[in-house]
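Subject: Structure for you, with notes

Hello,

Here is the structure I promised. Please open it next to this message, and my notes follow below.

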Amino acid sequence: MSNYVKRFSAFDRVVHWVLAVAFFVLLFSGLALFAHTFFNYFDFFGGPQQGILAHKIAGIFFLITSVLLFFTQIKDTCRFDADDAKWFGAFGGYLSRSKIDIPQGKFNAGQKLYAIFAIIAATVLGLTGYVIWDPTAMERGLTQWSLMLHGLFFVLIIVGAVIHIYLATIGNPGTAEGMLWGRVRRVWAKKHASKWYKEVTGDSD
Ligand code: HEM
């Protein structure tokens, strides 16, 4: 019996990593646009004009891959059950010293919440980005609201992504293997996603 369980298809992984690369391009070009302190980040792109162009192109990739990632994982991220309520009640065990054991599906309740937040943030950033694409093109009030929301969701998505990246790597060793190679270790699956593990393998232990 193999030590591994398949978790993500090649398509899922390509979508996720294109999204992650687009996110980092948006992050650095966005920071340069956001605050004077980061203005030098435009140097990564060869100057302000190129940086703004990179931001717009990466924005299109980010929106498309966010929608694809959301819809390919929707059945595992948008259905909450009683175990998810228990998980929220215990904050996933992250704030307690004692080990908690609440059975979870493919994604835990926190990941589900993050996936929903990520699609909402990507949609708001995409729509407001469209309005401010040419800041003089649309009505002034709408442009000002869009600039404000774009900045707000930029900050929120950075906070979300920092937490997500930490928990998907050093916070929970073995998790990144799934997104890198498509499969996770059985022990990882039993520990982090026992209901999903039983569902995909038919194992009862
Ligand atoms: C270096 C950057 C990143 C790393 C290392 C990373 C890692 C991962 C890993 C390992 C998973 C699979 C989790 C599992 O199997 O339980 C995952 C899922 C996911 N990632 Fe990322 N990710 C990164 C960037 C991003 C960004 C920038 C976003 C969106 C803004 C994002 C959104 C998602 C979503 C929505 C999922 C699906 C379920 C979830 O965990 O909520 N990721 N990521």
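How many helices and strands make up the secondary structure of the protein? There are eight helices and two strands. Please keep in mind that this is a predicted model.

**Overall layout**

Reading from the N terminus, the elements run β-α-α-α-α-α-α-β-α-α. The C-alpha atoms fill a box of roughly 60 × 35 × 30 Å along the principal axes. The protein has 205 residues, and 24% of them are buried. Take the contacts between residues at least 6 apart in sequence: 64% of these join residues at least 24 apart.

**Helix α2**

This one deserves a look on screen. A straight helix of 30 residues would span 44 Å, yet α2 spans only 38 Å between its end C-alpha atoms. There is also a kink of about 40 degrees in α2, centred on F71. Its buried residues are G51, A54, H55, A58, G59, F62, T65, S66, L69, Q73 and T77. They pack against α1 and α4.

**Helix α4**

Compare that with α4. Its 24 residues should span 34 Å at 1.5 Å a residue, and its end C-alpha atoms are 34 Å apart, so the two values agree. The buried residues in α4 are A109, Q111, K112, A115, A118, A122, L125, T128 and G129. Their cover includes α2, α3 (82-89) and α5.

**Nonpolar cores**

In soluble globular proteins, nonpolar side chains tend to be buried together. Here the largest nonpolar core has 16 residues. Which of them touch the most other members? They are L19, A22, F23, L26, A58, F62 and L125. The elements giving two or more residues to this core are α1, α2, α4 and α5. The largest share, five residues, comes from α1.

Not counting residues up to four places away in sequence, F23 touches F62 and A161.

A second, separate core has six residues. V184, A189, A193 and W196 are among them.

H16 lies in helix α1. Is H16 buried, exposed or partly exposed? H16 counts as partly exposed, because it has 18 C-beta neighbours inside 10 Å, where a buried residue needs 20 or more. Leaving aside neighbours within four places in sequence, H16 is in contact with L69 and M179. H16 and F62 are 46 residues apart in sequence, but their C-alpha atoms are 9.7 Å apart in space.

Best wishes

Note on methods. Residues are numbered from 1 along each chain as its sequence is written. This is a predicted model: local features need pLDDT of at least 70, side-chain atom pairs count only at pLDDT 80 or more; totals for chains, interfaces and linings use all residues. Helices (H or I, at least four residues) and strands (E, at least two) are DSSP runs, numbered from the N terminus. The expected span of a helix is 1.5 Å times one less than its number of residues. The bend at a residue is the angle between axes fitted to the seven residues ending there and the seven starting there. A residue is buried if 20 or more other C-beta atoms lie within 10 Å of its own, exposed if 12 or fewer, and partly exposed in between; C-beta atoms are placed from the backbone. Two residues are in contact if their C-beta atoms, placed from the backbone, lie within 7 Å. A nonpolar core is a set of buried Ala, Val, Leu, Ile, Met, Phe, Trp, Tyr and Cys residues joined through C-beta atoms within 7 Å.
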